[in-house]
Amino acid sequence: MKISSIALLLSIVSEISAFTVHYSNTNKNAGLRLTSMELSARKPFITGNWKLNPQTKGEAIELALGIQSSITGKSPCDVGLFVPFPFIGAVQNAVGDKLVVGAEMVSPQDAGAFTGGISCSMLKSIGVDWALAGHSERRTIFAETDDDINAQCLKLIESGMNVVLCIGETLQEFEKDLVGAICEVQLKKALAGISATDMSRVTIAYEPIWAIGTGKVATPEIAQDVHATCRQILVGMYGEQVANDTRILYGGSVSPESVDGLLAKPDIDGALVGGASLESEKFGRIINFEMAEAPMIA
Ligand SMILES: *[C@@H]1O[C@H](CO)[C@@H](O)[C@H](O)[C@H]1NC(C)=O
């Protein structure tokens, strides 16, 4: 155990130094262009998570069409939907390539005797290249461990897919001021073995468990605080450039009323939306959130 964590640390350290060299080279001749790349690197990403909804294929298609129709050329973000397996094909057909259609989970195994499992290869073969991992409901209700979640992340990356890794603390942990510690443990365990380069295919979703489906929303200030902490943890793991380029979404009772305030915060790069993604009108408003005014340039 000790030896493998030392090995992991060493490999992270060597990746970071390799990466730093790479980027300082880019820096030299990129000049101003790098600044605009930095700004666009974190285009907001707003995605629904349908969970165990809706109950029929017809409803799924109707909802997907409603959501798709509210994406205009002016929508300020990338849009995604994580939908139940049986509806993936139908939703893909309904929305074309206007938005990302992803899976709500994957099995960490490749193939074989795993009844009920869904492999990355199966998903790739139908054109899916995004999945969620680590959602608190998978952790608590389906007893997925940090090791399971790490294995899913590794399998997704190895398969050339993208992952939205969900992390977050319970109310008790929040009240005991353990948010930073919980996020650090969950990030480090889930991302173990994932290189700095592969981080371009990782999106983080911070979801305080006490705010999921409860109607309680972390204030934009609380969320910003935790997002900044998570970014600092990523700086420690992968260096500043990777941390700056990684999108950190907020999840937990995001609504048309709360979205503008949340997305105005500098470290909140989008949202993972539960309940409100089941109503096309609400979700349509969320993906067309009001952009905060650009900061004044001195
Ligand atoms: C990362 O972002 C911070 C805050 O915007 C900025 O000060 C810093 O220069 C950035 N670092 C890199 C390596 O881009």
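**Exercise 1. Find out in which sense α3 passes α4, and describe how the two helices pack.**

Step 1. Helix α3 passes α4 in a right-handed crossing, where right-handed means that the near helix is turned clockwise from the far one by less than a right angle. Helices here are DSSP runs of H or I with at least four residues, strands are runs of E with at least two, and both are numbered from the N terminus.

A word on the model before we go on: it is predicted, so local features need pLDDT of at least 70 and side-chain atom pairs count only at pLDDT 80 or more, while totals for chains, interfaces and linings use all residues. Residues are numbered from 1 along each chain as its sequence is written.

Step 2. Two packed helices are described by the angle between their axes and the distance between the axes. For α3 (residues 57-69) and α4 (residues 88-95), the angle is about 30 degrees and the axes are 9 Å apart. Each axis is a line fitted to C-alpha atoms over the stretch in contact, and angles run from 0 to 180 degrees between N-to-C directions.

Step 3. Now list the contacts (C-beta atoms, placed from the backbone, within 7 Å). On the α3 side are Lys 57, Ala 60, Ile 61, Ala 64, Leu 65 and Gln 68, which meet Ala 90, Val 91, Ala 94 and Val 95 of α4. Sorted by type, these residues give eight nonpolar, one polar and one charged.

**Exercise 2. Which residues of α4 are buried, and what covers them?**

Step 1. Call a residue buried if 20 or more other C-beta atoms, placed from the backbone, lie within 10 Å of its own. In α4, that picks out Ile 88, Val 91 and Val 95.

Step 2. Look down the axis of α4: the buried residues fall within an arc of 65 degrees, so they line one face of the helix. The arc is taken from the directions from the helix axis to the C-beta atoms.

Step 3. Their cover includes α3, β2 and β3 (100-103).

Step 4. Just after α4 comes Gly 96, with a positive phi of about 55 degrees.

**Exercise 3. Which way do the residues of strand β4 (residues 130-133) point, and which residue of β5 is the bridge partner of Ala 131?**

Step 1. Trp 130 and Leu 132 point one way, Ala 131 and Ala 133 the other way, and all are buried.

Step 2. Strand β4 pairs with β5 (residues 162-167) in the parallel sense over four bridges; pairing needs at least two DSSP bridges.

Step 3. The partner of Ala 131 is Val 163.

Technical notes. Contact = placed C-beta atoms within 7 Å. Nonpolar A, V, L, I, M, F, W, Y, C, P; charged D, E, K, R; others polar. Buried ≥ 20, exposed ≤ 12 C-beta atoms within 10 Å, placed from the backbone.
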